[in-house]
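User: Hi! Could you walk me through this model, one question at a time?

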Amino acid sequence: MPKVHNRHRLWISSLVALFILVAIYFMSVWLDASGLSTNLEQRNLGPSSQHLFGTDWLGRDMLTRTIKGLALSLQVGLVAGVSSVIIASIMGLAAAIMGEMVNRIVGWLTDLFLSVPHLVTLLLIAFVLGGGAKGIIIGVALTHWPSLSRVIRAEVRQIQTAPYIAISRNFGKSSWWIATRHIIPHLIPQLLVGFILIVPHAILHEASITFIGMGLSPHEPAIGILLSESMRYLSSGIWWLALFPGLCLLLLVRAFAMLGENLKQWVDPRHAHDN
């Protein structure tokens, strides 16, 4: 049997992860919203060919609710990830470029946010902002930037010592020209990897905050809400209410984590010549 090389494995696993994410998106668009409607005649039905994930206590199709919830979590995670990367980029660049005083302030803020568990800070921010998607997105953006900003700061400091930066300065190029032409393009791979690795954290934190009632509205088919509601029915043997949403959430998070790890290996110079 032919050996599958490391780069081939990366391609295969990345394509599988992308397929899962694209399938979730298109299924959420394709599935009819009628599955979210109450139908008391079909309540508490187990998994079958008609309802692959069964139905809940109100007769709603669990496959439709799960896929719609995954799509909603994906949207929240993507927006929160982009916001967090933007904050990390600004903080990292400011710490590396704008002098020692700014570097100390950013370093102090980074240590402050890293010293408190993400969920605690996220809970406080979501509570202050009244919960909902806005509260979660802002909370994730404000709690997930420190680690990435440290990577960006270290990368910028290293780039500033490169010979081509000194040559550009000798030719009279401005700091803005150097930043836009040399520094920021060099940071794009790190920002992309950081974004993809932040998204699964954002999705899990959104689900956990929603699970305890501080996140998305109970009227929305969010995964955290599905899992929270299912707790009341597990003792009655209605296991499918928690099993399928939980497995699908793990599958979504694992797909993003796999993409991030693969991309991290692709942009790592140590793996550049791997077969």
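User: How many helices and strands does the chain have?
Analyst: Happy to start there. This is a predicted model, in which local features need pLDDT of at least 70, side-chain atom pairs count only at pLDDT 80 or more, and totals for chains, interfaces and linings use all residues. Residues are numbered from 1 along each chain as its sequence is written, and side-chain values use heavy atoms, with hydrogens and water left out. Helices (H or I, at least four residues) and strands (E, at least two) are DSSP runs numbered from the N terminus, and on that basis the chain has 10 helices and zero strands.

User: What does the C-alpha trace of the chain span along its principal axes?
Analyst: Read along the sequence, the pattern is α-α-α-α-α-α-α-α-α-α. The C-alpha trace of the chain, taken along its principal axes, spans about 80 × 60 × 30 Å.

User: Which percentage of the residues of the chain count as buried?
Analyst: Buried means under 20% relative accessible area, exposed over 50%, and partly exposed in between, with a 1.4 Å probe and protein chains only. Contact means heavy atoms within 4.5 Å, and among contacts between residues at least 6 apart in sequence, 70% join residues at least 24 apart. Of the 275 residues of the chain, the buried share is 44%.

User: Is His51 buried or exposed?
Analyst: His51 is found in the loop between helix 1 (6-30) and helix 2 (62-97). Leaving aside neighbours within four places in sequence, His51 is in contact with Gln42, Leu45, Gly46 and Asp61. Its relative accessibility is 9%, so His51 counts as buried.

User: Is the crossing of helix 2 and helix 3 left-handed or right-handed?
Analyst: Two packed helices are described by the angle between their axes and the distance between the axes. Axes are lines fitted to C-alpha atoms, for helices over the stretch in contact, and angles run from 0 to 180 degrees between N-to-C directions. The axes of helix 2 and helix 3 come within 7 Å and cross at roughly 140°. A crossing is left-handed if the near helix is turned anticlockwise from the far one by less than a right angle, and right-handed if clockwise; that of helix 2 and helix 3 is left-handed.

User: Which residues of helix 2 and helix 3 make the contact?
Analyst: The crossing is left-handed. On the helix 2 side the contact is made by Met91, Ala94 and Ala95, and on the helix 3 side by Val102, Asn103, Val106 and Leu109.

User: Why is helix 4 oblique to helix 5?
Analyst: Helix 4 and helix 5 pack with their axes 8 Å apart, at an angle of about 140°. That makes helix 4 oblique to helix 5. Angles under 35 degrees count as roughly parallel, over 145 as roughly antiparallel, 65 to 115 as roughly perpendicular and the rest as oblique, so the reason is the angle of about 140°.

User: Which helices do the buried residues of helix 5 pack against?
Analyst: In helix 5 (residues 132-143), the buried residues are Gly135, Ile136, Ile137, Gly139, Val140, Ala141 and Thr143. They pack against helix 2, helix 3 (100-115), helix 4, helix 6 (146-160) and helix 8.

User: How many Å apart are Leu119 and Ser208 in space?
Analyst: Leu119 lies in helix 4 (residues 118-128) and, at 37% relative accessibility, counts as partly exposed. Apart from neighbours within four places in sequence, Leu119 is in contact with His205, Ser208 and Ile209. Leu119 and Ser208 are 89 residues apart in sequence, and their C-alpha to C-alpha distance is 8.6 Å.

User: How many of the residues of helix 9 are buried?
Analyst: Helix 8 (residues 175-211) and helix 9 (residues 223-230) pack at about 40°, with their axes 7 Å apart. Ala207, Thr210 and Phe211 in helix 8 meet Gly224, Ile225, Leu227 and Ser228 in helix 9. Helix 9 is mostly covered, and its buried residues number seven of eight.

Definitions and conventions:
The expected span of a helix is 1.5 Å times one less than its number of residues.
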